[in-house]
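Let's take a friendly walk through this model together. Keep the sequence and the 3D view open side by side as you read.

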Amino acid sequence: MAKLPNILVFLTDDHAQWAVHTYGCEELHTPSMDYLAETGAKMANAFTPCPVCSPARASFHTGRIPSAHGIHDHIGEQAKGKDHPGIRGQTSLAEVLKERGYCTGLIGKWHLNHFWEAPPGFDVWFSNATGTNARFGKQPFFEGDQRVDCFGNQAHILTDRALQFLRERDASRPFFLFVGFTNTHTPHIDEPDRWVNYYRKKAFANLPDETASGIHGASKFVYPDDPDARREASAQYYSAVSLIDELMGRVMDELANQEEMDNTLMVYTSDHGHMNGHHGLHTKGNATVPQNFLEESIRVPCLLSWPGQVQSGKTYTESVDHCDLFMTLADAAECDCAKLKEANPLSGMSYLPLLRGESDVAWRAAQFCEYGNARMIRTDRF
């Protein structure tokens with residue numbers, strides 16, 4: 001059997017598709033993300049199955065839509081949701097890949113409860129224990145079931161730990177590394193001043209000047225009205241994107257140093273989208289009551305690079321989501337996807353054949369999303 005590919009997934013938080021240079025945001029500096037698009041594939045119509053954190057992440061890790069995995073809103077892990085089972089008892093992608101011989105690790109955000117102990121499937125576990133927000137300063141993490149306190153910018157701490165995973169792993173086995181940065185999540189503060197100062201000078205031409213409308217229901221989160229506050233919030237968000245991009249580059253450089261780039265499938269995506277003044281709103285599907293499926297809430301970046309396997313510089317217009325990504329990664333690891341579907345209520349399809357240039361791949365015509373008691377169907381026309 002040929003050597004199975006390494007799989008490296010960056011799944012960030014609240015990063016909308018519009019906020020990437022390769023997707024058209026000219027003022028944003030994202031060379032690492034641009035590199036993935038230029039050497040691999042860009043999914044133009046990538047969506048989240050749910051426009052809020054926990055259900056979206058559960059869909060990636062289980063390959064199931066929310067009504068199948070049972071998580072319908074974000075889990076308050078340190079409050080009323082502390083006893084929520086998360087995805088315990090459900091087969092995760094990490095478990096599937098570990099059965100294929102992979103060394104597996106999660107670095108960063110989990111948000112599926114019990115972040116203080118590694119779930120089945122992960123050999124290495126380094127989860128942030130500060131909820132969903134990136135922090136600067138002293139902050140707790142869990143390494144396995146042991147709490148460790150670190151100081152600094154959370155994204156740098158997570159990157160250092162990801163590099164440690166790559167350097168200390170069993171090099172005779174393929175690896176699956178999941179890195180969950182959170183800087184693009186609110187509150188948008190405390191990003192490195194060298195980046196924030198750079199963006200404070202920008203025009204933010206991609207950000208609309210809109211007022212929240214009652215047509216979407218009551219607004220829970222609106223973008224600042226004050227021009228100075230709006231500019232600062234925008235500069236912090238853009239800085240978060242560029243910092244993540246910069247630190248992705250460090251991880252990619254380590255792979256190059258290990259001569260593993262050609263045998264690594266790299267993915268960049270986000271749990272769901274984000275509104276920075278779009279429709280006058282801030283955040284995502286929970287920015288309004290009732291919840292929304294506005295385009296900026298549901299559309300995510302999705303970039304995949306795998307030299308020799310994924311065609312380079314291609315853009316695909318098929319509608320794909322995190323459930324499809326689960327199946328695509330399992331397919332890349334040469335799992336029996338049909339057998340996986342027999343054993344689990346999986347919702348997705350592998351789009352690896354598309355990425356390899358197969359021309360006869362039939363694809364669905366509609367994208368479905370769920371959030372709590374709400375449902376969405378989106379087509380090219382509607």
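Predicted model: local features only at pLDDT ≥ 70, side-chain atom pairs only at ≥ 80, totals over all residues.

Residues are numbered from 1 along each chain as its sequence is written, and side-chain values use heavy atoms, with hydrogens and water left out.

Now follow helix α7 itself, which covers residues 227-257. Helices (H or I, at least four residues) and strands (E, at least two) are DSSP runs, numbered from the N terminus. The 31 residues of α7 reach 45 Å from first C-alpha to last, close to the 45 Å expected at 1.5 Å a residue; that expected span is 1.5 Å times one less than the number of residues. Just after α7, glutamate 259 takes a positive phi of about 55°.

Next, look at the aromatic rings. The structure holds 18 aromatic pairs. Rings of Phe, Tyr and Trp (its six-membered ring) pair if their centres lie within 6.5 Å; planes under 30 degrees apart count as stacked, over 60 as edge-to-face and the rest as tilted. Tyrosine 199 and tyrosine 238 have ring centres 5.5 Å apart and planes at 75°, so the pair is edge-to-face. Because tyrosine 199 lies in helix α6 (residues 193-200) and tyrosine 238 in helix α7, the pair ties together parts that are 39 residues apart in sequence. Phenylalanine 204 and tyrosine 238 also form an edge-to-face pair, 5.0 Å centre to centre with 90° between the planes. Here phenylalanine 204 sits in the loop between α6 and β8 (218-219), 34 residues from tyrosine 238.

How accessible is tyrosine 238? Its relative accessibility is 0%, so tyrosine 238 counts as buried; phenylalanine 204, at 7%, is buried too. Buried means under 20% relative accessible area, exposed over 50%, partly exposed in between (1.4 Å probe, protein chains only). Ring pairs link Trp18, Trp195, Tyr198, Tyr199, Phe204, Tyr237 and Tyr238 into a cluster.
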